Amino acid sequence: MASVTLKNLVKVYPGEGKNEDVKAVKNIDLEIKDGEFMVLVGPSGCAKSTTLRMIAGLEDITEGEIHIGKTLVNHIAPKDRDIAMVFQNYALYPHMSVFDNMAFGLKLQKISKPEIKKRVEAAAEILGLEDLLERKPSALSGGQRQRVAVGRAIVRNPKVFLFDEPLSNLDAKMRVSMRGEITRLHKRLGATMVYVTHDQTEAMTMGDRITVMSEGVIMQVDTPLNLYRKPTNQFVASFIGSPQMNFIKGAVEMVNGELTFTEDGEGGFSLQLPKGRFDPIKKRPVVLGIRPEDMAIGVDGITAELENAEPMGAETYHYLRTLAGTEMVARTTDDSITSDHTYVILEPDKEKLHLFCGDSGETLRRA
């Protein structure tokens, strides 16, 4: 296995005709540790797949360096980088059996038949494919095909595994199952894995660390829980968590010695902030962040009108609007309030509040 290091990596696509060049990846630096499961996550178009394809050698690098282990691989062909890539569409040969699909790359490397048989059977056992080795891909389910694609990567014993949205073609139940299988596989192999997805649930449940990207820029690299609890900016806060964090525009000032947030707009609520948690700025436009699960329906807090309630069984999603017009969502275990246009009071957990600069979006939380 090996580490993967990106240094000042840039990807520019030339413009056609009068169109300007497009800088898709913007001077990113990233260190992926040996044996780490790193997830690249972000919305469509954020260049996470482009970054992965540059690691694989499937996209040319405009500027910067990529190292696999101690080797600079900028000008090394994909087949010589000792990586294995698992694609979204499986990329299986329809006329070949499962065994032959998994063995194909090894045959190209002129590996002996006994060694090929040994590797394929070992990978099949890991992935539960022993009884399917003689079948063609057309006789397999989507999840089975994806396991074959993973098995084809395993048999090569690569330094690095690269996954490009491998579960996006599966149904919801199968995605959950395959998430668990890939996570267990990583623990069993101790391999370096780089996994691209737009699904933040996949990212949070699978990654040792997560790289959140937006428009070709790395916004934050951290553990799943740190991304959730300590987002460094409003973009990360909005992307991690479901339903997404509530954002309320306003300003802060000292009131009777207490740092107090006041919502913009007529009838805006005021809320005292916990001492020592945020930088003591005054009057600057800010954005207050409250996660839906960090609020309860109570007697002292934010007055809001219930517009809709969605019972989910163990919890209820309450869709509300403050008196100043800000839309909010509260995720609570209280299922007693379901009538539309009822006024309720939301009590946020003040120790879990977030505050962001209204101009830059950066967190104002003290470390």
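Start by selecting β11 (residues 246-255) and β12 (residues 258-263), two strands that pair antiparallel over 6 bridges. Strands here are DSSP E runs of at least two residues, helices are H or I runs of at least four, and both are numbered from the N terminus; two strands pair if DSSP finds at least two bridges between them. Within this pair, look for Gly250, which stands opposite Glu263 in β12.

What you have open is a predicted model, where local features need pLDDT of at least 70 and side-chain atom pairs count only at pLDDT 80 or more, while totals for chains, interfaces and linings use all residues. Residues are numbered from 1 along each chain as its sequence is written, and side-chain values use heavy atoms, leaving out hydrogens and water.

Now widen the selection to the open sheet: 5 strands, antiparallel, in the order β13-β12-β11-β14-β19. At the edges sit β13 (270-272) and β19 (354-357), each pairing on one side only.

Next, jump to residues 4-240, which an unreviewed UniProt entry labels "domain: ABC transporter"; such annotations may be inferred rather than shown by experiment, with positions given in the numbering used here and feature names shortened. This stretch is 36% helix and 26% strand, and its end C-alpha atoms are 25 Å apart.

Pick Thr50 in α1 (residues 48-56). Is Thr50 buried or exposed? At 15% relative accessibility, Thr50 counts as buried (under 20% relative accessible area; exposed is over 50%, partly exposed in between; 1.4 Å probe, protein chains only). Beyond its neighbours within four places in sequence, Thr50 contacts (heavy atoms within 4.5 Å) Lys11, Tyr13, Val25 and Glu59.

Last stop: α2 (residues 98-108), whose buried residues are Val98, Phe99, Asn101, Met102, Ala103 and Leu106. Their cover includes α3 (113-127) and α4 (142-154).
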